[in-house]
Amino acid sequence: MKQNFLIPLGIISTLILSAAVPAFAVTATTQKSPTATSTKRSKTKRASAATVSRSTTVKRSPAVKSFAGTTSVTAKAVSTRGTAAAGKRRVVRRYYSPWDTPTFADSTYGDVVDGEDLAIRRAAVQALGPYNGSVVVVDPTSGRVMTMVNQKLALTGAYQPCSTIKLVAGLAGLSEGIIERETRLRLSRRESMNLTTALAKSNNAYFANVGEKLGFEKINYYGRLFGLGEKAGINIEGESAGIFPEEKPKGVPNGMMTSFGEAIGLTPLQLAAIVSSIANGGTLYYLQYPRTLAEASSLVPQVKRQLDIAQQIPEMRPGMMGAVEFGTARRANYDTSEPIFGKTGTCTDSRTHLGWFGSFNEVGKSKLVVVVLLTGGKSVNGPVAAGIAGQVYKNLSEAQFFTTQQPHAIAPTAMIHSGDVR
């Protein structure tokens, strides 16, 4: 005989709701009054909804034995993940830089350009772009400064020359018979290198070895011969003479002076004068910076001294070209038919990180010297400076500057002797 069991409607509703509501939204109500049960369930639903809204993904356990147990574990896991994700999003990484010199700035501010070659200046300003630095372009056949971008930095900024000092060290080593272009200098038990590769790759050990063999007296002699420690220009207002020690600096090995330029302060004008003497065969001109077009047209080249380096220059050129073709200055290379010869420099001054590049080109009978000095943070270096110099040459080439320029009509050179150099 069948027995009919009547289930109250309230119980049926409760069962239906229990099946429909997610497991984490149900709370056990053992030994609670109906009012307490209703209040507890309402609070649990609100808490669960808040938890779900803070989490993008909620996973349920495939086998649920206890609604109440599942509620506490799942909500806690969701809350933990939400908090961790929020905390991860708030992380802000800060980088410390030991230099306070900005990498980017308006490098044309305050410049006076009345006596400059405006075509060359446009090419230099465009190439330098937003970098905090200076570009100096010189005619190596006369010593005329064609443009000087960021005149304040070029005139007063005497910084460590970094590896550009290797130009002076190489010429000194060749002149003293310490090195030859193809002779490999042993650097360690397993490594040896010749001058061409050492210049192209800017090998510090090679030029440190040269410096130790030269000794301080010879380093001092050749440094002053090439104009270190004295003004490169004549009648250029505000120009710095740089820094060059008269006595051996305490605690500075000779090799550090000839590989990094330690204890030396170099200006872009001084480097331009040195590179010009290599480009023109050994004449160290006084640099002249005309302030008007009339001064530029009547400029008379003035020689500071003749350098006896005609035999050494051919030994240096392959390494300077190699720097652009396969070495540290590859960014300067834009056309093999318009070769560039140069030397990079990268190091840290006490005030800033530095990027140097001293260079000259040869396109037919035309030659220009381009020197770039960059100051700023860790993104500043010699290869970046080389890229800027290469862009200067490229801009001028694309403007047909080298093909349309006629040989300069230069007045007779005025020989001015600066006295004997120790």
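Author: One term before we start: a disulfide here is a pair of cysteine sulfur atoms within 2.5 Å. Also, keep in mind that this is a predicted model.
Reader: Okay, how many disulfides does a search of the whole structure find?
Author: The search turns up one disulfide. It joins C162 and C347, with the sulfur atoms 1.9 Å apart.
Reader: Is that disulfide left-handed or right-handed?
Author: Left-handed, because the torsion about the S-S bond of C162 and C347 is about -60°.
Reader: And which parts does the pair tie together?
Author: C162 sits in the loop between α5 (151–156) and α6 (166–175), while C347 belongs to strand β7 (residues 340–348), so the link ties together parts that are 185 residues apart in sequence.
Reader: Are C162 and C347 buried or exposed?
Author: C162 is buried, at 0% relative accessible area. C347 is buried too, at 9%.
Reader: Switching topic: where is G390 found?
Author: G390 is part of helix α13 (residues 382–398). It has 4% relative accessibility, so it counts as buried.
Reader: What is G390 in contact with, leaving aside neighbours within four places in sequence?
Author: A332, Y334 and I340. As for N333, its C-alpha is 6.2 Å from that of G390, though the two are 57 residues apart in sequence.
Reader: In which sense do β5 and β6 pair?
Author: Antiparallel, over three bridges, with β5 covering residues 283–285. Y285 has V303 in β6 as its bridge partner.

Definitions and conventions. Residues numbered from 1 in each chain as written. Predicted model: local features only at pLDDT ≥ 70, side-chain atom pairs only at ≥ 80, totals over all residues. Heavy atoms only, no water. Pairing = 2+ DSSP bridges. Helix = DSSP H or I, 4+ residues; strand = E, 2+ residues; numbered from the N terminus. Buried < 20%, exposed > 50% of the residue type's maximum accessible area, 1.4 Å probe, protein only. Contact = heavy atoms within 4.5 Å.
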